[in-house]
Amino acid sequence: MFETLKPQPADKILALMQMYREDPRADKIDLGVGVYKNAEGVTPVMRAIKAAEHKLWEEETTKAYTGLAGDPGYADVMIKLILGDSVARGNIAAAATPGGTGAVRQAFELIKMANPKARVFVSDPTWPNHISILKYVGIETVTYRYFDRETRGVNFDGMIEDLKGAEKGDVVLLHGCCHNPTGANLNTTQWQEVIDLLNARGLIPMIDIAYQGFGDGLEEDAAGVRMVAAQTPECLIAASCSKNFGIYRERTGLLMAVSQDGSAQALNQGTLAFLNRQNFSFPPDHGARLVTMILNDEALRADWASELEEVRLGMLGLRQQLADELQRLSGSDRFGFIAQHRGMFSLLGTTPELVEKMRVDNGIYMVGDSRMNIAGLNKTTVPLLAKAIIDAGV
Ligand code: LMR
């Protein structure tokens, strides 16, 4: 049997992680995988997570199964964090999943189950694993223009024009905030225009939100998702706690199915539980429990939010420093977009050849599409990166 297997393509982001590890150069810079790192290059366990873990160790009395959809208390706090009061709780079905990727996968399976003919429209570019999972699940993918390679902002006219090619029942995948890989995001007026188009054409929004709190703030980053959830008849939302709680390896995500028709909730909830049962049965609980404890405890929550804010402001500072340094070296404003982008990433917008050149010459590891993880920098490495960018002729 095994001899029939074919080698699978390596995931570009994860392959880069491995190459970085194997590079012996002491001054190498890792701008690859989307993991937050502090100025010392460490991905710390957040203070509130440590405190909650300590408390959990003392108080937890059983590790028996939770429910197929995970602990309902986890869904409640996450729904509140992401959707605020934009939708009545009774209109939302939700299930815990193994990470944000688990939520994305379950959402695609639900789409396939509900409407096998639905196509999923994804931004060009999008997180490569979106496309890979869609292909694996057997859903047709269509790209819509998103990134303007001249301005490095959103090509909004192109996006709208391409979404007009979608047909009733098709799904449009949107990034809730901190677009991965570009860092270019929709403003409120643009979100509204997209919502109007979705509603006019009968398209179903699916939102992937993996970086809430990394862009303009916890509330601000949820604004677009809340508008979509409040104004469209149905939507799917895949959320991750990996980044904003720093619990990457705990695999903590949530899939929500929102319907303005409250009578759909029981069916949707049953479907999410069924999908969990088929794929992995009960979702992981440890990370979800920590998140629940933090969000339900005033002091822990305040500490978590303030540490997240430090992280966010740190990345904004690095963005500004890099944009300033590039302006100084190039004598032009053409890199100003780096300070405008939000979230962990910026797409530099250069060729794979120049990305490769910077890796070989300077030990700088960015993803081949020129995505840079801003959190991989610190005050000392920013000037090195800026020089490498200019020397490479970007
Ligand atoms: C990324 O985009 O780097 C992260 O979401 C990690 C991953 O799984 O690819």
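This is a predicted model: local features need pLDDT of at least 70, side-chain atom pairs count only at pLDDT 80 or more; totals for chains, interfaces and linings use all residues.

Trainee: How do you know which residues of domain 1 and domain 2 are in contact?

Mentor: Two residues count as in contact if their C-beta atoms lie within 7 Å, and by that rule 22 residues of domain 1 are in contact with 25 residues of domain 2. On the domain 1 side, helix 1 (12–22), helix 12 (298–330) and strand 9 (345–347) each give two or more residues, and strand 9 gives the most, with three. The residues on this side of domain 1 divide into ten nonpolar, six polar and six charged.

Trainee: Why is the set of 113 residues called a nonpolar core?

Mentor: The name is used because such a set is made of buried residues of nonpolar kinds, joined through C-beta atoms within 7 Å. The largest such core here has 113 residues, and Ile82, Ala94, Ile237 and Met256 have the most contacts inside it. Helix 12 supplies the largest share of this core, eight residues, while domain 1 and domain 2 each contribute at least three.

Trainee: Which residues does Ile237 touch?

Mentor: Leaving aside residues up to four places away in sequence, Ile237 touches Ile82, Ile207, Ile209, Val225, Ala229, Met256 and Val258.

Definitions and conventions:
Residues are numbered from 1 along each chain as its sequence is written. Helices (H or I, at least four residues) and strands (E, at least two) are DSSP runs, numbered from the N terminus. Ala, Val, Leu, Ile, Met, Phe, Trp, Tyr, Cys and Pro count as nonpolar, Asp, Glu, Lys and Arg as charged, and the others, Gly among them, as polar. A residue is buried if 20 or more other C-beta atoms lie within 10 Å of its own, exposed if 12 or fewer, and partly exposed in between; C-beta atoms are placed from the backbone. Domain bounds come from an automatic or database domain assignment.
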